[in-house]
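Student: I have a structure open and would like to learn how to read it. Can we go through some features one at a time?

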Amino acid sequence: MSAPALLLFACMLLVPLGLTTVLSFHVFDHATGVKDGYTTAHYLAVVTDEYYHGIFWRTFWISGLTTLLCLAIGAPEAYILSRMSNPWRSICLLVVLAPLLVSVVVRAFGWSMLLGPQGVINHALQAIGLGPVRILYTETAVIIALVHVMLPFMVIPIWTSLQKLDPWVENAALSLNASPFTALRRIVLPQVVPGLLSGSLLVFGLSASAFAIPGLLGGRRLKMVATVVYDEYLHELNWPLGGAIALVLLLANLIVMLSYNRLFERRYKNAMG
Amino acid sequence: MSFLTLTHLSKCYGSQRVVDDLTLSVAKGEFVSLLGPSGCGKTTTLQMIAGFTEVSSGQITLDGRDITHTAPNTRGLGIVFQSYALFPHMTVSENIAFGLEMRRMPRAERHERVKATIALVHLEAHADSYPRQLSGGQRQRVALARALVIEPPVLLLDEPLSNLDAKLREEMQFELRHIQRKVGTTTLMVTHDQTEAMSISDRVVVMQAGRVTQIDAPFTLYEQPQTRFISDFVGKANVLTGHVAASGVHVNISPGDLSLAVDSIGLTPGAPALLSLRPERIWFTAQAQGLLDGQVIARFFLGSQWLYRLETVAGELMVLCPNSDAPALEEGSLTGLSWSSAALRVLP
C-alpha cells in the first residue's frame with residue numbers, strides 16, 4: 001500500500017540527492033567546467049577554508065537564535081490560543097497561520113520596505129530621537145523576518161500538544177496549593193515538551209536552509225549557506241562545490257537536530273511514554 | 001456545628017440560573033452527596049466550592065472563614081476529579097507528594113506521609129509507576145491519595161467512580177467509605193448514580209434544575225420521597241394517580257373503582273393525589289385474594305431478585321420478589337397483588 005509513496009519519495013528525494021552526491025566529487029575546472037575525474041578537493045575546501053567556516057557559523061547562530069525567539073514567542077502564544085474560546089480561537093489561529101498564506105518573496109519584500117532606511121520603523125525611531133538605524137541588510141533584519149515566517153511552525157506543534165492535555169490537570173495543581181505560575185512550569189510545560197521539541201526542530205531546520213529571506217534581506221555581503229550554494233551554482237557555475245556545500249549543510253543540520261532530539265528525549269523519556 | 005456552609009448560593013450564566021439559591025450545611029466528618037441528573041447544577045456547585053467557578057451570589061464559609069472569593073490555590077481543599085487529572089509525567093509517589101511539596105514540607109516528613117498514604121490506598125507495589133501504567137481503579141486510588149495526603153478540611157469528589165466498570169465501582173464505594181471513616185475527612189461527593197449516593201453517604205442532597213428538592217438521610221429519602229421526581233429517581237417506584245376522597249385517598253381506576261387506605265394527613269378532600277409504591281413492598285397472593293389483580297407481561301431475573309412487570313387495572317406495576325425457593329411466576333400468568341397500607345406514600 002505504501003509502494004506509491006515510497007516510489008515518489010525515491011524519485012523526488014533519493015535520486016536527486018544521489019546525483020548531487022556524485023556531482024560533488026567531480027573535478028571542476030574554471031575554464032572547462034565539470035570533468036570526468038573524481039576528487040575530494042571541494043569538501044576539503046569547505047572544511048578548511050575560514051570563509052566557509054564563517055558562513056556556516058553565521059547560519060547556525062542565526063538559526064539558533066531564531067529558534068529561541070520562536071520558542072519564547074510561540075510557546076506563550078500557543079498557550080493563550082489554547083485557553084481562548086471560539087470564535088476568537090479560530091480567528092487568532094488564522095492570524096498565526098497567515099504568514100504561510102503569502103509567498104515568502106512577497107513577505108521578504110514587505111519586511112525590506114518596513115526595515116529600510118526610509119521605512120516605517122526608521123521613521124518611527126527618528127521621531128523618538130533614536131534613529132536612523134541600519135537594520136536592512138544586517139543579521140537583525142534576517143532574524144526578524146525568519147522569526148515571523150517560522151512562528152507558525154512553532155505554534156502549531158505546541159498547540160497540538162496543549163490540546164492533548166487534560167484541562168483539569170492544571171486545576172488539580174491549583175487545588176494542591178500550587179501558584180498559577182508553578183502549575184504552568186511544573187505541570188503544563190513538561191507535558192508539552194514533545195511539541196516544543198518538534199517545533200524547535202522544524203524551525204531550526206527550515207531556518208538553516210532558508211534561502212529567500214537571507215537572500216533578500218541579508219544583501220549581497222551577508223551570506224548564509226543556502227545563498228552561497230546558490231551563488232556557486234548560478235554565478236560561479238561551480239556545481240560540484242555547490243553540491244559539496246549543500247551536503248555539508250545537510251550533514252551538519254542532521255547532527256545538530258539529532259543530538260538536540262537525543263538530549264530532550266533522554267530527559268523526558270519517562271514522561272512521554 | 002456546621003463546618004462547611006453554603007448560603008443562598010447561586011450561579012448564573014447570562015439569564016440562565018444553573019444553581020439557584022442553594023443552602024446547605026455540612027457537619028465536620030460528614031459524608032454528603034449531591035445527587036441529580038446531568039445538568040442539574042451539582043458539578044457547578046462543587047466547582048464553586050473548589051473555587052474554579054465564580055460565585056454569582058451567596059456565600060461559602062469553611063470553619064467560620066468566608067472563602068466565597070478566595071483563590072482556589074489558597075482554599076486547601078482536596079479534590080478528586082472525574083478524569084482523575086493525574087500528572088502524567090510524574091510517578092505515583094511524585095503525584096502524591098506534589099501537594100506536600102507545594103506546602104514546603106521537609107523532605108523526610110514528606111516521604112513518610114506519602115508512604116503512609118500509599119499504604120492507605122493499597123498501592124505499595126505501584127509507588128514508582130506512571131499513571132498510564134495503572135488500571136482505572138488504581139488511578140482512582142492515586143487521585144484519592146493525592147487529595148487526602150494534604151489532610152484537607154474538606155474532600156470534594158466529582159463523580160469519582162463514574163469511569164469505573166460496575167464491579168469495580170461497587171468495590172470502590174465500600175473502599176471510599178472505609179477510607180473516609182478512617183481519616184474522618186468531611187466529604188462532599190457529586191454523583192448522578194443514586195445507588196452510589198445512597199450506599200455511602202450520611203446525607204443526600206437531591207438537586208433538580210439548579211434547585212435543591214430534598215436533603216435527607218438515604219433511608220428517609222427512599223422511604224419518604226417528597227416529590228414524584230425523587231420517588232422515580234431514587235430507587236424504583238410505581239406511581240399511582242388518584243384523587244382524595246373523604247377518608248384516605250381514592251385511587252382512580254378505570255373501568256372499576258378502588259379505594260385504598262392511606263394516611264391522609266394534610267390532604268384536602270377532592271384534590272388529585274399521587275401515590276408512590278415501592279416494587280419490593282408488593283407481594284403476590286392467589287387471584288382475587290389481594291387488593292388488585294394483574295397479569296405478568298414480562299419478568300427479569302436480577303440474580304438475587306425477580307423483577308416482574310404486571311398489567312393491572314391501575315396501570316402497569318413493577319414488583320420485586322426475592323429469588324427464594326418458590327417457583328417464579330410465568331409470563332402471562334394471572335395473580336393477585338397485595339401490600340400493607342403503610343407501603344403507600346402520598347407524594348406532595
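This is a predicted model: local features need pLDDT of at least 70, side-chain atom pairs count only at pLDDT 80 or more; totals for chains, interfaces and linings use all residues.

Student: How many helices and strands does chain B have?

Tutor: Start with the inventory of elements and then take the overall extent. Chain B has 8 helices and 20 strands. Along the principal axes, the C-alpha atoms of chain B fill a box of roughly 75 × 45 × 35 Å. Of the 348 residues in chain B, 38% are buried. Among contacts in chain B with a separation of 6 or more, 64% are between residues 24 or more positions apart.

Student: Which elements of chain A touch chain B?

Tutor: For an interface, take the counts and then the elements. Here 17 residues of chain A are in contact with 20 residues of chain B. On the chain A side, helix 8 (168–175), helix 9 (180–191) and helix 13 (239–272) each give two or more residues. Helix 8 of chain A gives the most, with 6 residues. By type, the chain A side divides into 9 nonpolar, 7 polar and 1 charged.

Student: How do I read a pair of packed helices? At what angle do helix 7 and helix 10 of chain A cross?

Tutor: An α-helix has 3.6 residues a turn, so residues three or four places apart point the same way. Keep that in mind when reading a contact list. The axes of helix 7 (residues 139–163) and helix 10 (residues 193–208) of chain A cross at roughly 155° and come within 8 Å. Because angles over 145 degrees count as roughly antiparallel, helix 7 of chain A is roughly antiparallel to helix 10 of chain A. The crossing is right-handed. Helix 7 of chain A contributes residues including A:Leu146, A:Met150, A:Phe153 and A:Met154, and helix 10 of chain A contributes residues including A:Leu202, A:Val203 and A:Leu206. The residues of this contact are 11 nonpolar, 6 polar and no charged.

Student: How are helix 5 and helix 7 of chain A oriented to each other?

Tutor: The axes of helix 5 (residues 104–115) of chain A and helix 7 of chain A come within 11 Å and cross at roughly 135°. The two helices are therefore oblique to each other. This crossing is right-handed. From helix 5 of chain A come A:Val104, A:Arg107, A:Ala108, A:Trp111 and A:Leu115, and from helix 7 of chain A come A:Ala141, A:Ile144, A:Ala145 and A:Val149. They divide into 8 nonpolar, no polar and 1 charged.

Student: Which residues have the most contacts inside the largest nonpolar core?

Tutor: Look for the members with the most contacts, then for the element that supplies the largest share. The largest nonpolar core has 73 residues, and those with the most contacts inside it are B:Ala145, B:Leu156, B:Leu188 and B:Val205. Helix 4 (residues 136–148) of chain B supplies the largest share, 6 residues. Apart from this core lies another, of 51 residues, with A:Phe28, A:Ala75, A:Ile135 and A:Ala226 among them.

Student: Where does B:Val206 lie, and what does it touch?

Tutor: B:Val206 lies in strand 9 (residues 203–208) of chain B. B:Val206 counts as buried because it has 26 C-beta neighbours inside 10 Å. Not counting residues up to four places away in sequence, B:Val206 touches B:Leu35, B:Gly36, B:Thr213, B:Gln214, B:Leu221 and B:Ile230.

Student: What about a whole helix: how many residues of helix 2 of chain B are buried?

Tutor: Count the buried residues against the length. In helix 2 (residues 92–102) of chain B, 8 of the 11 residues are buried, so this helix is largely enclosed by the rest of the structure. The buried residues pack against helix 3 (107–120) and helix 4 of chain B.

Note on methods: Residues are numbered from 1 along each chain as its sequence is written. Chains are lettered from A and ligands numbered from 1 in the order in which they are written. Axes are lines fitted to C-alpha atoms, for helices over the stretch in contact, and angles run from 0 to 180 degrees between N-to-C directions. Helices (H or I, at least four residues) and strands (E, at least two) are DSSP runs, numbered from the N terminus. Angles under 35 degrees count as roughly parallel, over 145 as roughly antiparallel, 65 to 115 as roughly perpendicular and the rest as oblique. A crossing is left-handed if the near helix is turned anticlockwise from the far one by less than a right angle, and right-handed if clockwise. Two residues are in contact if their C-beta atoms, placed from the backbone, lie within 7 Å. Ala, Val, Leu, Ile, Met, Phe, Trp, Tyr, Cys and Pro count as nonpolar, Asp, Glu, Lys and Arg as charged, and the others, Gly among them, as polar. A nonpolar core is a set of buried Ala, Val, Leu, Ile, Met, Phe, Trp, Tyr and Cys residues joined through C-beta atoms within 7 Å. A residue is buried if 20 or more other C-beta atoms lie within 10 Å of its own, exposed if 12 or fewer, and partly exposed in between; C-beta atoms are placed from the backbone.
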